[in-house]
Amino acid sequence: MDRRETARRAAAFWNREHAAGATTHDNFLSHPLVQFYISMRAFGQPVGHMDVVIAELRSRTRPGDAVVSIGSGPAHKERALARALPDRSFVGIDIAADIVATVTADARAEGLTNLELRVGDFNALELETGRYRAVLGLGALHHVENLEGFWAASRAGLAPDGVILAQEYVGPDRFQWTPAQVEHGDRVLRDVIPAEHKIHHDHVVAPSVEAMLEIDPSEAVRSSELVSTCRAAGFELVGYAGAGCSLLQPVLIGQIETFDPLDWSHGQILARLFAEEQRLLADGTLTDDFAMFVARPR
């Protein structure tokens, strides 16, 4: 298959995923080399993001402790945690009753007796006072609009020494890229990314807010305020790992599938992009758009 056909199929894939309501960054984050880069930047070693969550929970919780995960959806992550830590109990909360019912049946069929799914709204979150040793936000917190209420409910639900563990998008609200992201994204699209990889865009343009509201009104609604509102709610960050992607996402969004992980020439292009982002992050031109953090009440 020639590269033109590869590009055509990649574009069709992205458009299909987008039309189905996939979030804008999910497609971008799925590439294994991007995942490798994020892991190296955040942790200094190639490690799976769920492996990091499991390790954090092992060190910050004890057997018998309860953990709640917000916006669990199909609960792939929650099921993985329940399997890995059978001596902890997990609760997943999601607003979609049909999904909760399906996941509950699947968990029962699998024999995951330490996983419970509940219907709940993270914008009107209610947690049992002092029950949970950890509150998890695994890619759902940037959908929360009522951040102040969320942090207050999380604080009330945490047991003594409890923590919030988050792996989240913390970049510009609604993906409205900053002037620096546009400037440097346009430059690398011009100077680094070959034409056959620019099937979706050849310059950086923020997605239409109107289109985003139509697809998912909660997408990145107050993402840039996640960390600041967490601190303002009386939490201190006891761990923070920046995962970058403030250059990668505007450049690669919608066209990441043109980069074959097994084609080393494609890997070389991505490596140049990774190095350029690292340089811009190091000199303060850009800041991390994705981050992993641990917060506890002060």
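A residue is called buried when its relative accessible area is under 20%, exposed when it is over 50%, and partly exposed in between, with a 1.4 Å probe and protein chains only. Helices (H or I, at least four residues) and strands (E, at least two) are DSSP runs, numbered from the N terminus.

The model described here is predicted, so that local features need pLDDT of at least 70 and side-chain atom pairs count only at pLDDT 80 or more, while totals for chains, interfaces and linings use all residues. Residues are numbered from 1 along each chain as its sequence is written, and side-chain values use heavy atoms, with hydrogens and water left out.

| Helix | Residues in helix | First to last C-alpha | Expected at 1.5 Å a residue |
|---|---|---|---|
| α6 | 14 residues | 20 Å | 20 Å |
| α8 | 13 residues | 18 Å | 18 Å |

The expected span in the table is 1.5 Å times one less than the number of residues in the helix.

In α6, which covers residues 97-110, the buried residues are Val100, Val103, Thr104 and Ala107. These residues lie on the same side of α6 because they cover an arc of only 105° around the axis, the arc being that of the directions from the helix axis to the C-beta atoms. Asp98 and Ala109, by contrast, are exposed on the other side of α6. The cover over the buried residues of α6 includes α5 (76-84), β2 (89-94) and β3 (115-119), where contact means heavy atoms within 4.5 Å. After α6 comes glycine 111, which has a positive phi, near 85°.

In α8, Ala180, Gln181, His184, Gly185, Val188 and Leu189 are buried. They cover an arc of only 145° around the axis, and therefore sit on the same side of α8. The face turned away from that buried side carries Pro179, Glu183 and Arg190, which are exposed. Among the elements that cover the buried residues of α8 are α11 and α12.

**The nonpolar cores**

A nonpolar core is a set of buried Ala, Val, Leu, Ile, Met, Phe, Trp, Tyr and Cys residues joined through side-chain atoms within 4.5 Å. The largest such core has 34 residues, of which Ile193, Leu248, Val251, Leu252 and Leu273 touch the most other members. Two or more residues of this core come from each of α3 (32-43), α8 (179-191), α11 (248-252), α12 (264-282) and β7 (290-297), and α12 gives the most, with 6 residues. Leaving aside residues up to four places away in sequence, isoleucine 193 touches Val188, Lys198, Val251, Phe259, Ile269 and Leu273. Another core, of 28 residues, lies apart from the largest one and has Val91, Phe122, Leu141 and Val227 among its members.
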